[in-house]
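Morning, everyone. I have one structure to show you today, and I'll keep it quick. Please look at the screen.

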Amino acid sequence: DAQEEALGAILKGSQPKDARRLARCQQTGAWLTAMPNKFNGTELSAEEFRDSLRLRLGLQPTSLPSKCDGCGNKFSVAHGLSCKKGGLVLLRHNEVAGEWHQLCAQAFTPSAVSDEPLIPTSQDRAQGDGQGAKTPVPPENRGDVAVRGFWKRGTTAIFDIRVTDTDAPSCRGQDPSKILVRHEDEKKKKYLDDCLQSRRQFTPLVFSVDGMQGNESTAACRRLASSLAAKWQRPYSKLCGFVRSRLSLALVRATSLCLRGSRDPTARAPTFHWDSGHGVSLYN
């Protein structure tokens with residue numbers, strides 16, 4: 001139609017970086033469809049809203065630092081979204097995982113959802129049979145969220161989440177959708193066989209930092225929306241928008257945190273190192 005022709009003309013005359021951003025805008029604006037409401041958790045701070053809107057328009061967020069307080073390198077949007085110093089990238093991952101956990105608990109029951117499920121490897125199973133006693137203990141493989149009855153009644157589905165920057169220097173010139181597919185394949189190669197051997201299902205949930213979803217994530221969101229629609233007696237189309245918006249808002253908050261949060265470990269309050277209550281006697 002006329003709108004698609006106009007968009008095609010804009011993309012044709014744009015720089016490659018801008019063309020990539022404009023091409024995926026249709027898939028990354030779910031957070032704009034949510035009515036801001038503090039009670040429902042759809043409210044964004046002014047800084048989060050401005051940062052996400054400027055990134056969506058291809059503009060640099062204002063008042064960014066000149067140097068990273070974690071590693072000391074020159075700070076930029078790409079650096080802020082990838083620097084692992086200070087744990088902000090991990091917090092971004094945990095923000096999305098926590099939102100997915102909450103949505104699944106609403107669609108099913110809280111008892112059907114668990115965090116960080118163990119994924120037994122073939123070496124673990126061999127040791128359990130007494131056949132691998134002399135082999136070294138492998139590192140534990142864990143997913144992010146496990147949901148019983150998600151895809152099939154009586155079967156546990158394990159979800160592992162990854163958030164990636166499709167505009168990172170190493171990804172420039174590549175189709176964003178193919179980048180997400182590649183990350184999904186990496187997750188499947190690592191976890192799928194072990195999950196199937198333990199009679200579980202595995203689904204990788206891959207998102208871009210601006211809210212674009214991989215194919216597996218899209219299918220999982222539709223399944224989740226279908227369960228919510230049946231439980232709440234609401235239209236399926238509205239629940240699809242609800243799920244996308246909730247995940248998109250989580251990504252917006254996490255992205256802004258990566259750009260604005262402190263990576264200086266000395267800025268964090270010191271923690272106590274006792275597990276029992278005996279240390280309470282130190283406080284009046």
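Start with helix α8, residues 215-232, and helix α9, residues 236-260. This is a predicted model. In it, the two helices pack with their axes 8 Å apart. The angle between them is about 125°. How do we describe that orientation? Angles of 65 to 115 degrees count as roughly perpendicular, and those over 145 as roughly antiparallel. The angle here is about 125°, so α8 and α9 are oblique to each other. Their crossing is right-handed.

Now, who makes the contact? From α8, we have Cys 221, Arg 222, Leu 224, Ala 225, Ser 226, Leu 228, Ala 229 and Trp 232. From α9 come Tyr 236, Leu 239, Cys 240, Phe 242, Val 243 and Leu 247. Sort them by class. You get 12 nonpolar residues, one polar and one charged.

Step back to the whole chain. What elements does it have? There are nine helices and four strands. Read them from the N terminus: α-α-α-α-α-β-α-β-β-α-β-α-α.

Next, burial. The chain has 284 residues, and 40% of them count as buried. What about the surface? The chain exposes about 16,800 Å². Carbon and sulfur atoms supply 53% of that area.

Last, contacts along the sequence.

Over to you for questions.

Key
Residues are numbered from 1 along each chain as its sequence is written. This is a predicted model: local features need pLDDT of at least 70, side-chain atom pairs count only at pLDDT 80 or more; totals for chains, interfaces and linings use all residues. Side-chain values use heavy atoms; hydrogens and water are left out. Buried means under 20% relative accessible area, exposed over 50%, partly exposed in between (1.4 Å probe, protein chains only). Accessible areas come from the Shrake-Rupley method with a 1.4 Å probe; for residues, only the protein chains shown count as cover. Axes are lines fitted to C-alpha atoms, for helices over the stretch in contact, and angles run from 0 to 180 degrees between N-to-C directions. Angles under 35 degrees count as roughly parallel, over 145 as roughly antiparallel, 65 to 115 as roughly perpendicular and the rest as oblique. A crossing is left-handed if the near helix is turned anticlockwise from the far one by less than a right angle, and right-handed if clockwise. Contact means heavy atoms within 4.5 Å. Ala, Val, Leu, Ile, Met, Phe, Trp, Tyr, Cys and Pro count as nonpolar, Asp, Glu, Lys and Arg as charged, and the others, Gly among them, as polar.
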